[in-house]
Amino acid sequence: MTAVLRVENLVRHFGGVKAVNNVGFEVAPGELRALIGPNGAGKSTCFNMLMGQLKPTAGKVFLNGEDITGRPPREIWRLGVGRTFQITGTYQSMTVAENVQMALISHHRKLFSVLPRAHRLYREEALDLLETVGMVDQADRACAILAYGDLKRLELAIALANSPRLLLMDEPTAGMAPRERINLMQLTSDIVRDRGVSVLFTEHDMDVVFAHSHHIMVLNRGELIAEGSAAEVRADARVQEVYLGGGTLFAAEDAHA
Ligand code: ADP
Ligand code: MG
C-alpha cells in the first residue's frame with residue numbers, strides 16, 4: 001500500500017544549526033502517528049516543511065507517491081493535507097456553522113461566485129461535520145463567545161471540510177486543560193478510525209501520546225533516535241536518556257504508580 005506521506009532524508013539548516021537532519025519516515029493510510037521530542041528537537045521545523053511553510057535544505061517529501069517537496073502551502077492544502085491549530089483561523093463575527101460552511105465552499109472552489117448566499121450553502125454538510133466534532137448544538141452561536149476547547153474542536157471541523165487524506169497537528173492541545181487534551185485526542189482518534197484519515201501530531205503530554213498513537217517517533221537535536229509502539233519507545237535507553245533531564249516522559253506514569 002502506498003504511504004500517504006513519505007519523507008526521505010529531510011534536512012533543514014538555519015545558519016549553523018541543523019534543526020532537522022536526515023529525517024525519514026512514512027505514514028500509512030489510517031495511521032495516527034506521533035512525533036515527540038524535547039523543545040528545540042526540530043518538530044515544528046519538520047511540520048513546516050511538510051506543510052510548505054519552509055523549504056527543505058535537502059530531502060524529499062512525497063504525498064501518495066507524488067513529490068511535493070518545496071511546493072507552496074496552498075497547493076499542498078489542495079492536494080488533501082489539512083493542518084490545525086496554528087493561528088486561530090475562524091472568523092469571529094460569524095457563527096460556528098458559517099465558519100464550517102466557508103471552509104466547505106472554499107474546498108469546493110466556489111468562493112467568489114457564491115459568497116453572498118454562503119449562509120445557506122453546505123449547511124447540512126457543515127452540521128454533519130459539527131456533529132463529528134460534538135459541536136452541532138453550538139452551530140448558531142457566534143465564534144467570538146466560544147470557549148477555548150470548543151474553538152479547537154471547530155478548527156478540527158474546518159480542517160475536515162477540506163476532506164484531507166492527511167492531517168498535520170503541531171501541538172494541537174497547547175493551552176488546553178488536561179481533561180480537554182484527552183477529549184480532543186480521543187476525538188482525533190475516533191476521526192482516524194471512522195474516516196480513514198492519517199494524522200501526524202506532536203504533543204507534550206505523554207499520557208495522551210501513549211494512549212492514542214499507533215506509532216511514535218522520537219526526535220532529538222534534529223535526528224530520529226527511536227521509534228515504535230508506546231512500549232518500545234518507553235523501553236528505549238536513548239529515549240530515557242533524552243527525557244531524564246526534562247522528566248516529562250515518565251512523570252505522569254510515575255504519578256499513577
Ligand atoms: P520543536 O518544535 O521541536 O520545539 P523547532 O523546530 O521549533 O523545535 O526548532 C528546532 C531548532 O531550530 C531550534 O534550535 C530552533 O532554535 C531552530 N529554529 C527553528 N526555527 C528557526 C528559524 N526560523 N530561524 C532560526 N532557527 C530556527
Ligand atoms: Mg514546536
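In the hairpin of strands E1 and E2, two residues lie between the strands, and Gly-15 takes a positive phi near 60°. The model described here is a predicted one.

**The hairpin**

Strand E1 covers residues 5-14 and strand E2 covers residues 17-27. The two strands run antiparallel and are joined by seven bridges. Which residue of E2 is the bridge partner of Val-7? The partner is Phe-25.

Asn-64 sits in the loop between strand E4 (58-63) and strand E5 (66-67). Glu-171 sits in the loop between strand E7 (166-169) and helix H7.

Is Asn-64 buried, partly exposed or exposed? Its relative accessibility is 30%, so Asn-64 counts as partly exposed. Glu-171 has a relative accessible area of 26% and is therefore partly exposed as well. The cut-offs behind both labels are under 20% for buried and over 50% for exposed, with partly exposed in between.

| Residue | Relative accessibility | Class |
|---|---|---|
| Asn-64 | 30% | partly exposed |
| Glu-171 | 26% | partly exposed |
| Ser-189 | 19% | buried |

Ser-189 counts as buried because its relative accessibility is 19%, and the class of buried residues takes values under 20%. When neighbours within four places in sequence are left aside, Ser-189 is in contact with Leu-32 and His-212.

**Helices H6 and H7**

Two packed helices are described by the angle between their axes and the distance between the axes. Helix H6 spans residues 148-160 and helix H7 spans residues 178-195. They pack at an angle of about 20°, and their axes are 10 Å apart. This angle makes H6 roughly parallel to H7, because angles under 35 degrees count as roughly parallel. The crossing of the two helices is right-handed.

Which residues meet where H6 and H7 pack? From H6 come Gly-149, Arg-153, Leu-156 and Leu-160. On the side of H7, they meet Glu-180, Leu-184, Leu-187, Thr-188, Ile-191 and Arg-195. By type, the residues of this contact divide into five nonpolar, two polar and three charged.

Conventions: Residues are numbered from 1 along each chain as its sequence is written. Chains are lettered from A and ligands numbered from 1 in the order in which they are written. This is a predicted model: local features need pLDDT of at least 70, side-chain atom pairs count only at pLDDT 80 or more; totals for chains, interfaces and linings use all residues. Side-chain values use heavy atoms; hydrogens and water are left out. Axes are lines fitted to C-alpha atoms, for helices over the stretch in contact, and angles run from 0 to 180 degrees between N-to-C directions. Helices (H or I, at least four residues) and strands (E, at least two) are DSSP runs, numbered from the N terminus. Angles under 35 degrees count as roughly parallel, over 145 as roughly antiparallel, 65 to 115 as roughly perpendicular and the rest as oblique. A crossing is left-handed if the near helix is turned anticlockwise from the far one by less than a right angle, and right-handed if clockwise. Contact means heavy atoms within 4.5 Å. Ala, Val, Leu, Ile, Met, Phe, Trp, Tyr, Cys and Pro count as nonpolar, Asp, Glu, Lys and Arg as charged, and the others, Gly among them, as polar. Two strands pair if DSSP finds at least two bridges between them. Buried means under 20% relative accessible area, exposed over 50%, partly exposed in between (1.4 Å probe, protein chains only).
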